[in-house]
Amino acid sequence: QRVLRVERQPVKEGSDGHLWSIRDVTQQKLAEEMRGQFIDSATHELRTPLANIKAYSETLALMEDVDIEQQKEFCNTINSEATRLARFVDDLLSVSSMEVGSLSINRQNVHLERLFEEVVEKVRPLTSSKSQELGVDLPEKLGEAHLDKDKVATMLVNLLGNASKYTPEGGRVGLIVNKADNHLTVSVEDTGVGIPTSELPHVFEKFFRSKDPRVQKETGTGLGLALANEIVRLHGGEITVKSAVDVGSTFTVSLPLYQEARL
Ligand code: ADP
């Protein structure tokens, strides 16, 4: 649906004559709407973990003769909620640096097997909480690459986190890694809700979230893929997506193993 704005301006100062113009403000309206939705989801993203941290720590403080196992369980919940909060704040800061063009990468020699192990360890609690199968397919000898380890890990956790989040209970999430010549190719596939063709060009835009109720019922800010896209670009790589509604999605990232950072 298009949104048109009619504007009236005097032809000359002090004159009675007016010029009428019609402007198409559809894009601007859409951007405003997405920003509004972002404020709602950002508020939720801040409030929920804070409320949980408060509730669990208060309960812990009030409990007498507390069982050590239960104490551990509560502390783990507080810890994972604090991690969620920290991740959100990190994403926000990265997106704001991205806006002013100051997001940069810090390349170091990265042991790839270790990197993928770390990523899988972070994602496993998400897939197991939804009884999803997490398939990991790594080649025998991965060796090293010259990458920004933290940023690449953030990007992969985002992709795998989405794969789990937008896939129903009992579905499958897969991580497939290949190395050829100077390239590392990482595919993240899922058997989830999928993305309609009309939305595919928008998924990497900041604040974009599908209106599909199966997406809306999950928490999210629409920042993860925008950030992933920028991290890949800074590494001189490429990210693509293939998807079919009700079948699943595959995000594929291709990164040069050794290359100077692109400005
Ligand atoms: P968020 O997940 O916080 O909404 P993202 O930037 O990570 O934000 O993703 C943007 C949108 O792209 C999601 O809201 C969803 O509509 C769509 N999307 C991303 N990954 C998937 C996926 N694996 N399956 C289906 N839809 C996805």
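**Close-up views of a predicted model**

View 1. Over residues 41-259 the chain is 47% helix and 21% strand, with the end C-alpha atoms 37 Å apart; helices (H or I, at least four residues) and strands (E, at least two) are DSSP runs, numbered from the N terminus. UniProt lists these residues, 41-259, as "domain: Histidine kinase" in an unreviewed entry; UniProt positions are given in the numbering used here, feature names are shortened, and annotations may be inferred rather than shown by experiment. This is a predicted model, in which local features need pLDDT of at least 70 and side-chain atom pairs count only at pLDDT 80 or more, whereas totals for chains, interfaces and linings use all residues. Residues are numbered from 1 along each chain as its sequence is written, and side-chain values use heavy atoms, with hydrogens and water left out.

**View 2. The surroundings of the ligand.** The ligand is surrounded by 21 residues, the closest being Asn-162, Tyr-166, Arg-209, Thr-221 and Leu-225, where a residue is near a molecule or strand if one of its heavy atoms lies within 4 Å of it. In the side chain of Asn-162, an N or O atom is 2.8 Å from an oxygen atom of the ligand. The backbone also takes part: a backbone N or O atom of Gly-222 lies 3.0 Å from a ligand oxygen atom, and a polar backbone atom of Gly-224 is 3.3 Å from an oxygen atom of the ligand. Taken alone the ligand exposes 540 Å², of which the protein buries 97%; accessible areas come from the Shrake-Rupley method with a 1.4 Å probe, and for residues only the protein chains shown count as cover.

**View 3. The largest nonpolar core.** This core has 53 residues, and those with the most contacts inside it are Leu-112, Phe-116, Val-119, Met-155, Leu-159, Leu-175 and Leu-184; a nonpolar core is a set of buried Ala, Val, Leu, Ile, Met, Phe, Trp, Tyr and Cys residues joined through side-chain atoms within 4.5 Å. Helix α4 (residues 149-165) supplies the largest share of the core, 8 residues. Leaving aside its neighbours within four places in sequence, Leu-112 is in contact (heavy atoms within 4.5 Å) with residues including Leu-142, Leu-147, Leu-184 and Leu-257.

**View 4. Ser-94 in helix α2.** Ser-94 is placed in helix α2, which spans residues 68-99. The residue is buried, with a relative accessible area of 18%, where buried means under 20% relative accessible area, exposed over 50%, and partly exposed in between (1.4 Å probe, protein chains only). Beyond its neighbours within four places in sequence, Ser-94 is in contact with Leu-103 and Leu-227.

**View 5. Two loop residues with positive phi.** Ser-131, in the loop between α3 (112-129) and β4 (133-137), has a positive phi of about 50° although it is not a glycine, and it counts as exposed at 52% relative accessibility. Asp-246, in the loop between β8 (238-244) and β9 (248-256), is likewise not a glycine and has a positive phi of about 65°; at 54% relative accessibility, Asp-246 counts as exposed.

**View 6. Two pairs separated in sequence.** Asn-52, in helix α1 (residues 26-62), is partly exposed at 26% relative accessibility; Asn-52 and Ile-78 are 26 residues apart in sequence, with 7.2 Å between their C-alpha atoms. Arg-124 lies in helix α3 and is partly exposed, with a relative accessible area of 42%; from Arg-124 to Leu-160 the separation is 36 residues in sequence and 9.6 Å in space, C-alpha to C-alpha.

Terms used. A polar contact is a pair of N or O atoms within 3.5 Å; within protein, one must be able to donate a hydrogen and the other to accept it, and residues adjacent in sequence count only if both atoms are side-chain atoms.
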